[in-house]
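Okay, everyone, thanks for coming. I'd like to walk you through one structure today, and I'll start with a question once it's up.

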Amino acid sequence: MLLRLKEISINYLPNQNILEKIDLNVEKGEFVGIVGKSGCGKTTLLESIGGLKKPQSGYIYYNNEDIYQHLFNQTGFRKKLQIVFQFPENQFFEQDVFSEVSYGLRMLDLPSDMIESRVKQSLESVGFNFELIRQKSPFVLSGGQKRRLALACTLAIQPELLLLDEPFSGLDAEGSKIVTDTLINEHQKGTTIILVSHDPNILCEICDRIIVISNRKIAFDGNPVQVYSKKDALQELGIIQPDTQILTQLLDMEQLNNLKYDYFIQNLIHFIEEKA
Ligand SMILES: Nc1ncnc2c1ncn2[C@@H]1O[C@H](COP(=O)(O)OP(=O)(O)OP(=O)(O)O)[C@@H](O)[C@H]1O
Ligand SMILES: [Mg+2]
């Protein structure tokens, strides 16, 4: 098991748990989406998994090692796990894009030609022209470009586990497509991904497991169909279903076993032909 959360409870104020006795296992290679209403504790959970917020009780194991135990190898962990924060612009501090992306690589003591090729590769993978962007200040980029830059910084490290907190917010359709394709590609290379997002349509395209957080607990955990077909329960929790699932139910089509858009369209055509 790559990641194991055992009965973790987290609060910011005494006796006011944001998350309570959460158990969660994530296997290597999974692509997990986390959803839940604003303020339910998604960012808190990611920070806790990332070693940044110690739970008040319970344990978090990474490859069977307790990450908050004082002998845990934090430096090694930083090379294996990377986080793209909800407001990534707050994490930039270098004068130019090249230095920003290479910062983590310099910490890994890699030779300079390898650093340059990894920086180039990761900037290009999120849709930047390396030569045009390398000398720009991270602070003059648009909100969407900053998000893609933050992702490039983490990809350059080639992490084993990637945590992303709302990486699509503020992106236009083209930016969303670039980030989606990049994440699918990373996942295919074997990276384990945990992604927080409010967009069920994107989650259904890329995740193989969805976790819903509500009332301090994990309310649902399953594949996209298992989770998103629960119309009434989700409505009660204020969780939006993906368009493909809404339309399937509205049209009274048979429940699909995959909520990806292309699959839905194929089935819709079949459904219309049968009705005709
Ligand atoms: N540093 C902090 N100090 C005190 N309370 C905090 C702190 N950070 C978060 N909280 C509280 O913890 C709860 C969970 O916050 P969190 O940011 O984890 O929610 P979220 O699910 O990520 O929300 P969103 O979807 O809006 O990003 C909220 O009630 C929030 O006010
Ligand atoms: Mg958040």
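So here's the question: does R216 count as buried, exposed or partly exposed, and why? R216 counts as partly exposed, because there are 18 C-beta neighbours inside 10 Å. For the cut-offs, buried is 20 or more other C-beta atoms within 10 Å of a residue's own, exposed is 12 or fewer, and partly exposed is in between, with C-beta atoms placed from the backbone.

Quick housekeeping. This is a predicted model, where local features need pLDDT of at least 70 and side-chain atom pairs count only at pLDDT 80 or more, while totals for chains, interfaces and linings use all residues. Residues are numbered from 1 along each chain as its sequence is written, and chains are lettered from A and ligands numbered from 1 in the order in which they are written.

Back to R216. You'll find R216 in the loop between β9 (209-214) and β10 (217-222), and its phi is positive, about 75°, although R216 is not a glycine. K21 does something like that too: not a glycine, yet with a positive phi of about 50°. K21 sits in strand β2 (residues 17-26), and K21 counts as partly exposed because it has 15 C-beta neighbours inside 10 Å. By the way, strands here are DSSP runs of E, at least two residues, and helices are runs of H or I, at least four, numbered from the N terminus.

Next, have a look at helix α12 (residues 261-275). α12 is hardly covered, with 1 buried residue among its 15.

And the whole thing? The protein chain has 12 helices and 10 strands. Its C-alpha trace spans about 65 × 50 × 30 Å along the principal axes, and 35% of the 276 residues count as buried.

That's my tour, so over to you.

Note on methods
The expected span of a helix is 1.5 Å times one less than its number of residues.
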